[in-house]
Amino acid sequence: MTDQPKKIRALFCGAVLQGFFDLPGKDIPTVLKATGGLLRQIREMPGVDVLGTFDDDETMVGTSPTGWPWTFYILADVPDRDTAVAICGLFRTIEVGEHRLWKYMRVEARLGRELVMPE
């Protein structure tokens, strides 16, 4: 039996930016569809296990230009740091019309390990 390398626990923190709120209402579904594509791509990445998501849009209204409070979170186990970097990179590459997703939201990742307490 071989030892599997430990996965890294990653918390991806997302903030909606003013560019999203400046959009005409008819263009908002395009950003939401791109965000759905982002989640789908993350879930399909090899070795990534999405543990949960958290959307604070009902009680946190408006922009998050400095990050806090964050609008949404994605908690995942990833195989390595490069995978976490690649997930953040999706915000740079996913197209939303003539722009990229990062025009409308920003992301920061926190990397660590599962918090386990000795018995």
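The structure holds six salt bridges, a salt bridge being a side-chain nitrogen of Lys or Arg within 4 Å of a carboxyl oxygen of Asp or Glu. The model is predicted, with local features needing pLDDT of at least 70 and side-chain atom pairs counting only at pLDDT 80 or more, while totals for chains, interfaces and linings use all residues. Residues are numbered from 1 along each chain as its sequence is written, and side-chain values use heavy atoms, with hydrogens and water left out.

## Salt bridges

Side chains of opposite charge can pair when their charged atoms come close.

| Asp27 | Lys26 | 3.2 Å |

Lys26 is exposed, because its relative accessibility is 67%. Glu108 is partly exposed at 23%, Arg106 is partly exposed at 24%, and Arg110 is partly exposed at 46%.

## Overall fold

The chain has three helices and six strands. Helices (H or I, at least four residues) and strands (E, at least two) are DSSP runs, numbered from the N terminus. Along the sequence, these elements follow the pattern β-α-α-β-β-α-β-β-β. Taken along the principal axes, the C-alpha atoms fill a box of roughly 55 × 30 × 20 Å.

Of the 119 residues in the chain, 37% are buried. The accessible surface comes to about 8000 Å², and carbon and sulfur atoms account for 55% of it. Accessible areas come from the Shrake-Rupley method with a 1.4 Å probe; for residues, only the protein chains shown count as cover. A contact means heavy atoms within 4.5 Å. Among contacts in the chain with a separation of 6 or more, 77% are between residues 24 or more positions apart.

## The nonpolar core

A nonpolar core is a set of buried Ala, Val, Leu, Ile, Met, Phe, Trp, Tyr and Cys residues joined through side-chain atoms within 4.5 Å. The largest such core has 27 residues, and those with the most contacts inside it are Phe12, Val31, Ile42, Val48 and Leu101. Two or more residues are given to this core by each of β1 (8-16), α2 (28-44), β3 (72-78), α3 (81-93) and β6 (105-112). Helix α3 gives the most, with five residues.

Leu101 touches Val31, Ala34, Thr35, Leu38, Phe91, Ile94 and Val96, when residues up to four places away in sequence are not counted. One of these, Thr35, is found in helix α2. Thr35 counts as buried because its relative accessible area is 16%. Under the same exclusion of residues up to four places away, Thr35 touches Leu101 and Met105.

Another threonine, Thr83, lies in helix α3. With a relative accessible area of 12%, Thr83 is buried. Thr83 touches Met45, Val48 and Val78, again not counting residues up to four places away in sequence.

## Tyr104

Tyr104 is placed in the loop between β5 (99-100) and β6. Its relative accessibility is 3%, so Tyr104 counts as buried. Which residues is Tyr104 in contact with, leaving aside its neighbours within four places in sequence? They are Ala15, Val16, Leu17, Gly19, Phe20, Leu23, Val31, Val96 and His99. The C-alpha atoms of Tyr104 and Val16 are separated by 6.0 Å, although the two residues are 88 residues apart along the chain.

Terms used. Buried means under 20% relative accessible area, exposed over 50%, partly exposed in between (1.4 Å probe, protein chains only).
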